[in-house]
Amino acid sequence: MTEQTPKKELPACPVETTLTLIGDKWKVLILRDLLPGTKRFGELKKSISGVSQKVLTAQLRSMESSGLLYRTVYPEVPPKVEYSLTKLGQSLKPILDAMGSWGEEYKESIKRAEK
């Protein structure tokens with residue numbers, strides 16, 4: 001499989017481009033869950049609380065179209081489908097790590113402010 005590129009025109013601002021690709025709450029959580037390795041649809045649905053099957057499917061298709069993840073279908077009954085990050089998707093790890101660090105610092109600052 002080759003990595004696909006988005007077919008629509010991207011914004012001129014690089015920050016806006018990044019937000020266009022991963023600015024959705026569900027996409028960031030999908031990335032978080034796929035960073036350690038390949039997962040099946042059911043595993044993703046279970047680990048991302050609150051997402052509907054329809055929304056998860058749409059987000060996965062969008063991310064596949066953007067070249068962030070691979071979708072592998074195995075010819076079995078019932079069908080087995082696995083999702084994994086492409087190199088492009090894996091390159092977002094530092095961004096997610098930074099978001100995680102910032103979130104931890106924020107939670108700590110809130111705790112300190114409440115004392």
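**Note on helix packing and salt bridges in a predicted model**

1. Helix 1 and helix 2 are roughly perpendicular to each other, a class that covers angles of 65 to 115 degrees, with under 35 degrees counting as roughly parallel, over 145 as roughly antiparallel and the rest as oblique. The model is predicted: local features need pLDDT of at least 70 and side-chain atom pairs count only at pLDDT 80 or more, whereas totals for chains, interfaces and linings use all residues. Residues are numbered from 1 along each chain as its sequence is written, and side-chain values use heavy atoms, with hydrogens and water left out.

2. The packing angle is about 80°, and the axes of helix 1 (residues 14-22) and helix 2 (residues 25-34) lie 7 Å apart. Axes are lines fitted to C-alpha atoms, for helices over the stretch in contact, and angles run from 0 to 180 degrees between N-to-C directions. Helices are DSSP runs of H or I with at least four residues, numbered from the N terminus.

3. Helix 1 contributes Thr20, Leu21 and Ile22 to the contact, and helix 2 contributes Lys27, Val28 and Leu31; contact here means heavy atoms within 4.5 Å. These residues divide into four nonpolar, one polar and one charged. In this scheme Ala, Val, Leu, Ile, Met, Phe, Trp, Tyr, Cys and Pro count as nonpolar, Asp, Glu, Lys and Arg as charged, and the others, Gly among them, as polar.

4. Helix 2 is largely enclosed by the rest of the structure, because seven of its ten residues are buried. Buried means under 20% relative accessible area, exposed means over 50%, and partly exposed lies in between (1.4 Å probe, protein chains only). The buried residues of helix 2 are Trp26, Lys27, Val28, Ile30, Leu31, Asp33 and Leu34.

5. At the start of helix 2, the backbone nitrogen of Trp26 has a side-chain oxygen of Asp24 within 2.7 Å. Trp26 belongs to helix 2 and counts as buried, at 16% relative accessibility. Leaving aside residues up to four places away in sequence, Trp26 touches Ile48, Ser49, Gly50, Val51, Val55 and Gln59. Lys39 is 13 residues from Trp26 in sequence, and the C-alpha to C-alpha separation of the two is 15 Å.

6. The count of salt bridges comes to five, a salt bridge being a side-chain nitrogen of Lys or Arg within 4 Å of a carboxyl oxygen of Asp or Glu. One of them joins Asp97 and Lys93, whose closest N and O atoms are 2.8 Å apart. Both residues lie in helix 6 (residues 93-114), four residues apart, about one turn of the helix. Asp97 is partly exposed at a relative accessible area of 38%, and Lys93 is partly exposed at 39%.

7. Another salt bridge links Lys107 with Glu104, with 3.5 Å between the closest N and O atoms. Lys107 and Glu104 both lie in helix 6, three residues apart, about one turn of the helix. Lys107 is partly exposed, with a relative accessible area of 47%, and Glu104 counts as partly exposed at 43% relative accessibility.

8. A salt bridge also forms between the side chains of Lys111 and Glu108, at 3.7 Å from N to O. Lys111 and Glu108 are three residues apart in helix 6 and are therefore separated by about one helical turn. Both count as partly exposed: Lys111 has 48% relative accessibility and Glu108 has 35%.

Technical notes
Helices (H or I, at least four residues) and strands (E, at least two) are DSSP runs, numbered from the N terminus. A polar contact is a pair of N or O atoms within 3.5 Å; within protein, one must be able to donate a hydrogen and the other to accept it, and residues adjacent in sequence count only if both atoms are side-chain atoms.
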